[in-house]
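Here is a short report on selected strands, helices and side-chain pairs. Keep the coordinates open while reading.

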Amino acid sequence: MTDALTRRLDALLDRDVLRRRILELCSIPSPQGHEREAGEYVERWMAEEGFRPRRVAAVPERFHVVGCLGGHGPASSRELLMASHLDTEGGLDPQDARWCVPPGAAPEEPVAERDGVFTGAAVANDRGPMACFLMAGSLIRKAGIRLAGRFHMAACPGEIGPDPVDGREGVAQSGKDVGAAYLLANGGMAPDFMIAAEGTDFAVTAQGAGYAIFRLSLYGEQIFTPLFDASLPLKDHPNPVYRLGDAIARLHDWAPRFEQAHRFETAWGTTIPKVQIGAIRGGLPYALGGGTGVCALYVEVGLSAIDRVQDIRREMEIVLDGIGPHALDCVAYRQGGVADEAAVTPLLGAIATASRAVRGAELEVADPVYASMWRDHNVYNRAGIPAVTFGPRRWRPTLDDFVTATLLYARTAIEVCGVAASEVQ
């Protein structure tokens, strides 16, 4: 691995093609559950490059596209998987959107590129980095480099969620169950390392947060409005809606303490799990005459790699003690993950070497926000496959950022997979 190789790859990289590919791929509408068209684009692209694409699908309309190059060395050669997700934010139907998007809210920025700066949710999350590792594979092939190990590339559905909760069940509503977990179990790969190619501002983290969604149901009694006593105190009020304030105040007071107590630090990341009340349900707005006897808060709680969901539920019960009749149920759960420090060292070393060669900079640990969210490397770390998340600038990436990311991914793949003996000069 020499500077000459970086210059060689850089000379082969067509910036106009990279720009065009990013805009074409990211302009395809691909909300959660509707990833087919974007997947078909990637499939055609992989076929053009000779990556032998194949589909891996829990259901036909929501498939992973997996391509590969290399495999020219001995069986002991290391294999690398890079993956990004096809689904993006948005896609809510109007009836749902009106309960989470305020009237007059600024529309989502369109996918575009002006003066070398890209906008659009799909570019940052996550098809811009996807285009980079596909271009990286193309560069390796054009350079005539025969990788000893196999370099797998995957475009995946179902990373961002949502989750099948309370009446929204089924595969169409499922996110992560048809995503990375399905690919790991049924993708026909056993990589030595995995990179979730997402924006990290060119830093890296080897851990990530999971989450649990708790439904806090408050119970009371329906009261016919003409019989309603407006002077009743809020504490122990028979209408549970009136007790929401106490529950919210308790959870709000607990959240900062939770962050501090559950902060999880390693050499390659800091996870700061967050707590947020994200939804509320209760009563029938078209039949208010009898009030309601039940309402619910939905609380998202971040989970570090070492948190146990059952312990979190018990901690919340202590916080909520005394709010009156209630039930606390975990309605969705995804565990965080962290790579074994020794096992992930070769991957981190490969990325560090690439960073010095391409950027002239030492590899840094990513901001805690990138270790405090769900990304698909969690699935692989939980399975004992060392994995990190690593990629270009997250906010308003430039074409230069994507060129750099492409070269970084190419150099990392070469470092991890090695070069067949016949190619070594």
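Buried means under 20% relative accessible area. By that cut-off, F390 and Y409 are both buried. The model is predicted.

**Aromatic pairs**

The structure holds five aromatic pairs. Two of them are set out below.

| Pair | Centre to centre | Angle between planes | Type |
|---|---|---|---|
| Y41 and W45 | 6.3 Å | 75° | edge-to-face |
| F390 and Y409 | 6.2 Å | 80° | edge-to-face |

Y41 and W45 share helix α3, residues 36–49. They are four residues apart, about one turn of the helix. Both are buried. The other pair spans two elements: F390 lies in strand β17 and Y409 in helix α12, so it ties together parts that are 19 residues apart in sequence.

R55 and F63 make another kind of ring contact. The charged end of R55 sits over the F63 ring, 4.0 Å from its centre.

**Helix α12**

Helix α12 runs over residues 399–417, 19 residues in total. From first C-alpha to last it reaches 27 Å, close to the 27 Å expected at 1.5 Å a residue. The helix is mostly covered, with 16 of its 19 residues buried. G418 follows α12, and its phi is positive, near 75°.

Strand β7 covers residues 193–196. F193 and I195 point one way, M194 and A196 the other way, and all are buried.

Which strands does β7 join? Strand β3 (residues 80–85) is one partner: four bridges join it to β7, and the two run parallel. L81 stands opposite M194 in β7. Strand β17 (residues 387–390) is another, joined to β7 by three bridges and also running parallel. There, T389 is the bridge partner of A196.

**H152**

H152 is found in strand β6, residues 150–156. Is H152 buried or exposed? Its relative accessibility is 3%, so H152 counts as buried. The side chains of H152 and E79 are joined by a polar contact of 3.0 Å. Leaving aside neighbours within four places in sequence, H152 is in contact with residues including G67, C68, L80, L81, M82 and M189.

How values were computed: Residues are numbered from 1 along each chain as its sequence is written. This is a predicted model: local features need pLDDT of at least 70, side-chain atom pairs count only at pLDDT 80 or more; totals for chains, interfaces and linings use all residues. Side-chain values use heavy atoms; hydrogens and water are left out. Buried means under 20% relative accessible area, exposed over 50%, partly exposed in between (1.4 Å probe, protein chains only). Two strands pair if DSSP finds at least two bridges between them. Contact means heavy atoms within 4.5 Å. A polar contact is a pair of N or O atoms within 3.5 Å; within protein, one must be able to donate a hydrogen and the other to accept it, and residues adjacent in sequence count only if both atoms are side-chain atoms. The expected span of a helix is 1.5 Å times one less than its number of residues. Rings of Phe, Tyr and Trp (its six-membered ring) pair if their centres lie within 6.5 Å; planes under 30 degrees apart count as stacked, over 60 as edge-to-face and the rest as tilted. A charge sits over a ring if NZ of Lys or CZ of Arg is within 6 Å of the ring centre and within 35 degrees of the ring normal.
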